[in-house]
Amino acid sequence: MEMSTIPTEISSSKMFEGFNKRYKHYSPTLGCSMNFHIYFPPSLSISTSSSSSQKFPVLYWLSGLTCTDENFIIKSGAQRVASTEGIALVVPDTSPRGLNVEGEADSFDLGVGAGFYLNATVEKWKNWQMYDYVVKELPKLVTDNFPEIDTSRASISGHSMGGHGALTIYLKNLDKYKSVSAFAPIANPSSIPWGQKVFTSYLGDDKTAWEEYDATCLISKFNDFATTILIDQGADDEYLSNLLPNNFDEACRNAKVPLVLRMQPGYDHSYYFVASFIDDHIRHHAQALNS
């Protein structure tokens with residue numbers, strides 16, 4: 001029997017006076033069952049008579065390769081400041097699961113756990129429509145089922161593959177998000193063999209299609225940008241040669257886009273790094289969401 005598209009709660013844990021709640025639903029976009037987490041903060045930091053301000057703004061978090069919807073919720077500690085700032089956290093999974101596509105689990109960077117937040121056009125990966133899931137289906141799901149969350153006040157962030165997703169989704173949907181930040185994003189994937197492998201697999205050989213999911217390529221289309229982008233990058237990140245933050249930095253300077261790129265000495269690519277600076281990112285988004 002097909003699962004309902006209406007989310008069903010499958011777990012709940014209290015944290016910093018709010019609650020982490022995990023849900024399951026059937027995704028028509030991806031053609032499979034999906035899980036996601038929401039952290040509901042305990043109270044709003046500002047109370048007014050306006051009905052819209054009685055709702056929580058939302059920060060979408062996109063996780064990296066091999067992650068599920070659980071990694072960020074368990075490891076980041078983001079709930080501490082989200083609780084005090086009155087921001088809901090919505091955390092989707094990173095790819096479709098359970099579709100049994102041939103070779104879907106053969107490598108960590110392609111298939112299961114590796115949705116790359118794009119809409120695949122190669123037939124084999126036709127269900128890998130994570131861009132539409134994050135940008136269209138998930139916000140509507142939240143709007144329709146969680147009236148305490150105001151999806152018209154939304155920001156987006158992520159780590160690694162999820163940082164790539166956050167940047168590209170934001171740049172393609174400035175009307176939907178108030179701010180963006182990223183930890184160690186894959187900032188210029190079409191310029192590295194690893195990214196070229198992924199894009200060829202999902203999108204085929206047309207490099208103009210790749211550029212639509214490459215933050216460094218996308219930023220060149222902008223000028224006199226208003227909102228500051230925040231990126232933290234571990235200086236001792238083992239994947240740094242594949243992330244190319246300096247390429248994105250240069251593209252931002254050329255396009256006059258305000259970017260705060262912080263190289264953090266001694267930090268690697270792990271959630272120890274994310275947890276060390278997540279408070280700054282939550283506050284960065286809180287300023288935009290509550291302005």
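A salt bridge here is a side-chain nitrogen of Lys or Arg within 4 Å of a carboxyl oxygen of Asp or Glu, and by this rule the count comes to 15. The model is predicted, so local features need pLDDT of at least 70 and side-chain atom pairs count only at pLDDT 80 or more, while totals for chains, interfaces and linings use all residues. Residues are numbered from 1 along each chain as its sequence is written, and side-chain values use heavy atoms, with hydrogens and water left out.

**Salt bridges**
- Arginine 262 and aspartate 232 meet through their side chains in a salt bridge of 2.8 Å, N to O; arginine 262 lies in strand β9 (residues 259-264) and aspartate 232 in strand β8 (residues 229-234), so the pair ties together parts 30 residues apart in sequence.
- Strands (E, at least two residues) and helices (H or I, at least four) are DSSP runs, numbered from the N terminus.
- Aspartate 280 also forms a salt bridge with arginine 262, the closest N and O atoms being 2.9 Å apart, and aspartate 280 lies in helix α10 (residues 271-289).

**Burial**
- Buried means under 20% relative accessible area, exposed over 50%, and partly exposed in between (1.4 Å probe, protein chains only).
- Aspartate 232 is buried at 0%, whereas arginine 262 is partly exposed at 24%.
- Serine 155, in strand β6 (residues 149-159), is buried with a relative accessible area of 0%.

**Backbone**
- Tyrosine 117 has a positive phi near 55 degrees, and alanine 184 has a positive phi of about 45 degrees.
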